[in-house]
Amino acid sequence: MTIEAILKADIQKAIQKNFDITVEDILLQPTKKEFEGFYTFVTFPLTKATRRAPAEIGQIIGAELEASSSVVDRCNVVQGFLNIGLRDTTWLELFGGIFSDADFGIAPANGKSVMVEFSSPNTNKPLHLGHLRNNFLGDSLSRILKANGYDVVKTCLVNDRGIHICKSMLAYRELGDGETPESSGIKGDHLAGKYYVKFDIEFKKQIAELVEKGMSPEEAAKKAPWILEAQQLLLLWEKGDAETVALWQKMNNWVYAGFNQTYKQIGVGFDKTYYESNTYLLGKDIIEEGLQKGVFYKKEDNSVWIDLTAEGLDEKLVLRGDGTSVYITQDLGTTELKFGDFHNDRYLWVVGNEQDYHFNVLFAILKRLERPYASGCYHISYGMVDLPSGKMKSREGTVVDADDLVSQMTQTAADRTQELGKIDDFEKEEATQLYHTLAMGALKYFLLKVDPKKRMLFNPEESIDFQGHTGPFIQYTYTRIRSIIRKAEQSGINIQLPASGYQLHQAERELIFTLSQFPLRVLAAGNEFAPSVVSFYAYELAKVYNQFYAEVSIFADPDPEAVKFRVALSKVVAETIHKALGLLGINVPERM
């Protein structure tokens, strides 16, 4: 039984004994830092049933706990808040359980599976900063859900067809002059992105020329030669025109090679990749099934619709009058395909919040169709990432490419580390690896520490700081502890638990309490689909450890029991930081 469970049971007994009432759910919360104690029980909800003042209730329950609880040391009451401290024997017993549990914080398999779909890039441009938030969220959620006992499948749906892809193809066909990644020295996805930007430049130029001739801007955007050619190219692709398909395959292969390099750099991978070119025709059979069931209806132009006003949505087109699919048609088919492939209990889509309405519609339709997986579908909506200079725009070439940002962050990490002058004995390869580890730690932590639902501003300089709420600060705390462990091992100090009579320092109690919260935070992060919960925990643990390090001596303490215990405590903190950062996809250096 956990400490929290014992405390709740003891509080329940105290309430029953002194007030002759039963409380269904005893709620405990961590005591605020400015007050003495570790757990707080709020007494305000008991005032009506007991006809007592909140503070009086707290005094009565507190006295009972001090007299009869096996784990409580002393209590104090602040208005209606009963703050509870634990005995040192309880803390030591709690730490002993953590110390001996190699899987501390990681739940056993629960027999359920979940699919996490993320990344979802387009093959007309490289991954950018917004994609990084998506990738890091999806990868971290996959790790957190696995830590919560789920069998996790990571998937990616690549948007490799459509008018936007044809725009890059057209610009390359007209302006490329046979340029390749090899001949240009440009990474394949960047090369495709280059021609996407070129299309936009020429397209705007053509619109301006038509406007000068008296055409309205709206009409010009529809009649510009290149947009008409791009539309023609899409028709040729859909008909399987050999020359068009060959160009499409060539450019997409360049992009895939580029994506793979980026994924390797950022430490992200997938169990299965789906391609829109293989799935865009799926879903039509589902529409026919829905028509027969009366879920959908046809209009006079033969288009197929669904009325979702009862769900607080509106009427939604699911198939055009000419029989061609829309995005929702494709997503219905792809979801059915994924269920057929894996039969997961849950399906998560990590997609930006501009698609909130789309997923509300998709899930509503799946429920109307009575799909067995409909209740297990979730949209992990996240806010956009802005820069100090403003919003990014792919067509105008004003995005921050993921590769460029990783390179910039790595160089900044190198500069900051060299300024500190602590790696003079590092081999070149070890130093290079350290810079990359710090850069990715800074980047991932900065993008994951913010609640996914919130729009955020990314500041590269702030993220790489070795102090404050950053990845490098937590990584540095880990390496500090690792140096302590190495020193202990070199000195022949046994890392072990102290005798039962050991008197704890307050900083040690704080550290054990913070450690004990790790499983709860991992569980909360999984339930809330929020890596930010683990991010904040990792920072909190590092901060509490640094306070401990400042307040107590480890090796200079005259008591050998204290030395052994503090090394053991430090070791578990390092292991827990390693696990917490691992759930964020962040590596830790052994020294820096």
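These exercises walk through parts of a predicted model, each with a worked solution.

Residues are numbered from 1 along each chain as its sequence is written. The model is predicted, so local features need pLDDT of at least 70, side-chain atom pairs count only at pLDDT 80 or more, and totals for chains, interfaces and linings use all residues, while side-chain values use heavy atoms, with hydrogens and water left out.

**Exercise 1. Work out the strand order of the open sheet and find the helix that packs on it.**

Solution. 
- Start with the elements. Helices (H or I, at least four residues) and strands (E, at least two) are DSSP runs, numbered from the N terminus.
- Next, pairing. Two strands pair if DSSP finds at least two bridges between them.
- The 4 strands run in the order β1-β2-β4-β3, with antiparallel pairing.
- On average, neighbouring strands are turned by 30 degrees against each other, direction ignored.
- Take one pair. β3 and β4 (residues 81-86) are antiparallel over 5 bridges. Valine 72 has leucine 86 in β4 as its bridge partner.
- Now the helix. α3 (residues 54-68) packs on the sheet and touches β2 (39-42), β3 and β4. Contact means heavy atoms within 4.5 Å.
- The direction of α3 makes about 175 degrees with that of β3. Axes are lines fitted to C-alpha atoms, for helices over the stretch in contact, and angles run from 0 to 180 degrees between N-to-C directions.

**Exercise 2. Check the span of helix α16 (residues 402-420), then say what covers its buried residues.**

Solution. 
- The expected span is 1.5 Å times one less than the number of residues.
- For the 19 residues of α16 that gives 27 Å, and the end C-alpha atoms are 27 Å apart, so the two agree.
- Buried means under 20% relative accessible area, exposed over 50%, partly exposed in between (1.4 Å probe, protein chains only).
- Buried residues of α16 include Leu405, Val406, Met409 and Thr410.
- Their cover includes α5 (129-147), α8 (188-212), α11 (242-266), α17 (428-448) and α18 (460-463).
- Look at one residue of α17, histidine 436. Histidine 436 counts as buried because its relative accessibility is 18%. Beyond its neighbours within four places in sequence, histidine 436 is in contact with Gln265, Val406 and Thr410.
- After α16 comes glycine 421, with a positive phi near 65 degrees.

**Exercise 3. Compare serine 119 and aspartate 177: is each one buried or exposed?**

Solution. 
- Most residues other than glycine have a negative phi.
- Serine 119 has a positive phi, near 80 degrees. Aspartate 177 also has a positive phi, of about 55 degrees.
- Serine 119 sits in the loop between β5 (113-117) and α5. At 2% relative accessibility, serine 119 is buried.
- Aspartate 177 sits in the loop between α6 and α7 (181-184). With a relative accessible area of 79%, aspartate 177 is exposed.
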